[in-house]
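Please read this briefing with the sequence and the model open side by side.

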Amino acid sequence: MAKEITLHIDGQPVTVPEGTKILQAAESIGIEIPRLCYFEGLPASGSCRLCLVEIEGQSRLAVSCTQRVKEGMAVLTASDRVLRSRRFILELIWSTHDGDCTTCEKAGACDLQRYTYDLDVDKEKYGLYAPDEIPSDLGDPLLERNLRLCILCGRCIRACREKSQGILDFMERGMSTIVTTSLNRPLAESGCDFCGSCIEVCPVGCLVERDRKLRGREWEFESVETLCGHCNLGCTQVIDLAHGEIVRTRPGADGYLCVRGKFGWDYLSSDDRLTAPLVRNGDSLQETTWAEALARAAEGLAGAGSVAGLVGPNVTNETVKAFGELLATSFGSQDVGFTGGGVPFGALSTFGGLKALAGVGDVEKAKKILAIGPSLAEGFPRARLAIKRAVDAGAKLIVVDPNESELAAIATLHLKPKAGAEAALLTAIGKALVDGDLHNAEAEGVAEAIPAIRELGVPDAGVSPEAIAEAAKLFAKGKGVVVSSALTCDVLSRSAGLLMLTGRKKGALLPLHPSANPWAGVLLSAGASGDGAKGIYALGTDPVAAGEPPNADFLVVQDLFLTKTAEMADVVLPLRAFAEEEGTVVGAGGKLIAVNAAAPSDLPANWQILADLADAAGKPLPYKSIRDVRAAAKETISAVKGSLAFPSMNGAGDSEELRPYERFELPEPSWVARSQIRRGGSAAGVSEAKEEVAA
Amino acid sequence: MAGVAGSEATTISAAELTERLAPILAEYAGKDGAVISLLQDVQEEFGFLEPSAMTDVADALDLPVSHLYGVASFYSQFYFEPRGKNVVKVCTGTACHIRGAPAIQARLEEQLGIGPGETTADLKFTLETVNCVGCCALAPVVSINDRVLNRREQRKLKGWIQTERAEEPTSQEGAS
């Protein structure tokens with residue numbers, strides 16, 4: 001416990017821990033000291049001088065964002081001298097800020113504008129020095145960099161270093177100083193991963209999203225927080241609407257979104273979205289009414305004799321639950337399969353309770369990290385950030401990846417298995433743990449597994465026995481997690497085995513999936529194949545694109561777009577996207593997280609469509625509202641969450657080919673064509689409290 | 001960023017780069033506060049701050065390459081593009097200005113076909129202006145590769161340029 005320091009700020013006493021900065025001490029009693037370069041969560045640079053305060057007994061003004069509190073200090077945050085100095089600094093900033101608040105996107109949310117108003121600053125006091133050579137748009141995709149508005153606070157430089165690739169810095173000197181990349185290259189050629197973290201911290205209108213331009217002023221924005229739906233790491237995301245349309249997304253409390261979360265929302269308002277039901281008429285699909293489409297679907301499925309359902313990983317628990325209930329209640333089928341996009345999720349039900357699942361917080365706090373799989377950093381930038389933070393804090397990182405990668409470069413140990421031998425390598429590490437007596441013999445289930453593991457031959461993974469032994473030694477002790485973008489059944493079960501052997505049972509396994517709710521299908525559906533069913537209902541999944549075309553007499557497809565599967569369907573129903581749905585998901589840490597309908601939609605809620613279809617079939621669902629569905633979903637998840645167990649370590653079949661997460665390609669430098677972001681995503685919203693189902 | 005326009009063309013192979021950088025990196029390994037000295041040595045070795053060398057130096061120092069460019073672009077002593085075999089400097093300080101520097105500069109620009117800060121396509125000449133060389137008594141001052149020319153030599157500049165230009169390029173001068 002740090003020593004407490006008592007001081008006076010503007011005459012008010014305040015007691016804070018030793019080491020606190022004056023600015024934060026003031027904030028703790030509600031006194032806001034103006035600042036432009038300081039940003040909470042980033043290292044302070046003390047360069048803008050706007051946060052200067054007067055300390056009694058000191059002749060010079062002090063920089064309150066970097067100066068620590070001292071016992072008995074008497075601070076004045078708004079004395080005449082302080083205000084004079086602040087005005088002077090703002091006047092100087094205005095002498096190079098070629099801004100016009102009447103047309104600036106940032107108006108209303110601009111710190112410079114606010115302080116200029118608060119302090120009644122004379123903007124024109126020193127004239128404007130802004131040579132024509134300073135560009136107003138550097139032409140990057142997705143975001144505009146208007147250096148004529150830059151006030152050189154350096155926040156973006158620090159944000160980029162802390163959260164992303166560190167590609168920005170102050171270049172040149174004196175009046176020619178600009179913030180840009182090495183050799184002033186375009187962002188796309190500088191290693192930028194377009195997370196937009198720089199935009200979030202810019203105090204002025206220098207950095208703005210291109211998509212929001214001329215779509216509305218900040219004070220017109222209506223904001224709803226939700227969960228980003230582009231992977232299962234559960235970053236909070238705020239969706240800003242202006243005039244009923246999405247104009248921007250930005251990070252929630254977590255302070256970080258990757259390029260998909262930040263810029264990948266255009267699919268929501270795409271013209272290609274399905275907005276009305278379609279029914280087959282000979283060779284073509286024709287738009288029709290909901291009543292007609294639901295009647296056709298109900299009749300077709302009921303008449304098919306045997307019905308199977310397929311549901312994708314990017315819908316809420318409620319949608320999965322209502323879907324399963326619809327098939328069971330209305331069509332007498334227990335056959336609901338879950339399609340995870342090429343991932344054998346059905347097998348995961350043998351695999352470990354929800355408690356074993358880790359979230360980014362577990363990774364950031366870990367001391368030992370085993371990161372498995374290709375394109376992990378590129379495909380899941382939030383996982384990359386978590387791993388990097390842990391490593392910066394002293395964690396040991398073991399990377400299992402046949403290729404060189406960003407993570408391999410910071411790894412304590414980089415193991416390069418031959419292609420497809422990841423699982424074999426994990427088995428070998430497990431055996432090395434046991435052979436070296438590094439395992440935790442006390443842990444549950446270990447004693448029974450040991451004899452079989454001792455018997456195992458060492459599978460050939462193309463990695464030297466010394467490296468394997470070193471990995472086992474490194475990983476054996478301390479808070480450890482396994483993060484894997486390789487989602488084969490073999491890799492995941494061996495990962496679970498390693499965790500079991502080392503006695504890690506909570507918050508230890510993080511399988512990375514490019515969808516928001518990959519566990520729901522496992523937890524909420526019976527898990528069946530659909531083999532032999534005559535009627536198939538595919539919701540939020542495109543088996544044709546995955547190379548597994550459904551073979552059915554009658555096919556109903558419910559999705560965001562007219563997918564390949566939908567083109568074959570007898571009835572096509574529109575689907576609300578993840579960001580448009582209220583409900584819950586099973587988040588990365590095994591927690592049940594509530595999401596909001598953050599994006600606008602004219603469609604009925606997904607559960608409502610399913611309930612209407614049940615009505616059309618004459619066998620209504622037992623739900624009157626989304627609350628009923630939520631309660632039912634929660635009950636099912638609670639019932640199964642504890643019944644899952646770790647599998648054993650032994651077993652063959654190590655040759656399964658990895659199907660890595662398909663790498664996200666940066667958009668072409670033409671910012672207009674920017675919809676390469678995977679369609680399958682969705683965004684959702686979290687507003688409500690997080691309930692820990694796992695606990 | 002006039003001087004930082006960025007020449008992407010690099011004719012150096014990765015192996016050669018590593019070999020030429022190794023002694024420089026070894027000399028500064030583990031030393032704090034050595035970025036400027038290190039960059040000076042890199043420039044000495046390559047004639048300018050070769051972009052791939054910058055990336056390798058950044059990796060070795062575990063710093064973002066942007067940080068190195070941030071430091072280097074602060075100083076006028078660092079160059080981001082290849083320079084000519086002959087660096088011709090025209091002093092434009094007060095004394096030289098009065099003694100006719102603008103006319104000399106204009107003549108050199110015309111004869112070399114480049115402006116101040118630029119390098120000829122054949123990588124033979126770089127023309128620069130400097131603020132003072134420190135020998136105002138000799139004004140107007142022109143120097144070639146840091147050797148100050150006397151008045152007699154200055155009169156022979158045109159002929160010298162033609163001779164240099166006609167000379168066959170050697171491998172040292174690089175193909176461009």
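Helices (H or I, at least four residues) and strands (E, at least two) are taken here as DSSP runs, numbered from the N terminus. On that basis, chain B has eight helices and four strands. The model is a predicted one, in which local features need pLDDT of at least 70 and side-chain atom pairs count only at pLDDT 80 or more, while totals for chains, interfaces and linings use all residues. Residues are numbered from 1 along each chain as its sequence is written, and chains are lettered from A and ligands numbered from 1 in the order in which they are written.

**Chain B and its side towards chain A**

- Read from the N terminus, the elements of chain B follow the order α-α-α-α-β-α-α-β-β-β-α-α.
- Of the 176 residues in chain B, 26% are buried, a residue being buried if 20 or more other C-beta atoms lie within 10 Å of its own, exposed if 12 or fewer, and partly exposed in between, with C-beta atoms placed from the backbone.
- Two residues are in contact if their C-beta atoms, placed from the backbone, lie within 7 Å; among the contacts in chain B with a separation of 6 or more, 65% join residues 24 or more positions apart.
- Between the chains, 13 residues of chain B are in contact with 15 residues of chain A, and helix 4 (residues 65-74) of chain B supplies the largest share of the chain B side, seven residues.
- That side of chain B divides into eight nonpolar, five polar and no charged residues, where Ala, Val, Leu, Ile, Met, Phe, Trp, Tyr, Cys and Pro count as nonpolar, Asp, Glu, Lys and Arg as charged, and the others, Gly among them, as polar.

**Nonpolar cores**

- A nonpolar core is a set of buried Ala, Val, Leu, Ile, Met, Phe, Trp, Tyr and Cys residues joined through C-beta atoms within 7 Å; the largest has 230 residues, and A:V363, A:I369, A:A371 and A:V483 have the most contacts inside it.
- Helix 13 (residues 422-435) of chain A gives the largest share of this core, nine residues.
- A second, separate core has 11 residues, including B:V90, B:A101, B:L108 and B:V141.
- Apart from neighbours within four places in sequence, A:A371 is in contact with A:L376, A:I387, A:L397, A:V399, A:V400, A:L407 and A:V483.

**The five-stranded sheet of chain A**

- An open sheet of five strands in chain A has the order 2-1-5-3-4 with mixed pairing, two strands being paired if DSSP finds at least two bridges between them.
- Strand 2 (12-17) and strand 4 (62-63) of chain A are the edge strands, each pairing on one side only.
- Strand 3 (residues 52-55) and strand 5 (residues 74-76) of chain A run antiparallel and are joined by two bridges, with A:I55 opposite A:V75.

**Strand 23 of chain A**

- Because six of the six residues of strand 23 (residues 554-559) of chain A are buried, this strand is largely enclosed by the rest of the structure.
- A:F554, A:V556 and A:Q558 point one way from strand 23 of chain A, whereas A:L555, A:V557 and A:D559 point the other way.
- Strand 23 of chain A pairs in the parallel sense with strand 22 (residues 535-539) of chain A over five bridges, and A:L539 stands opposite A:Q558.
- Strand 24 (residues 571-574) of chain A also runs parallel to strand 23 of chain A, joined by four bridges, and A:V557 stands opposite A:V572.
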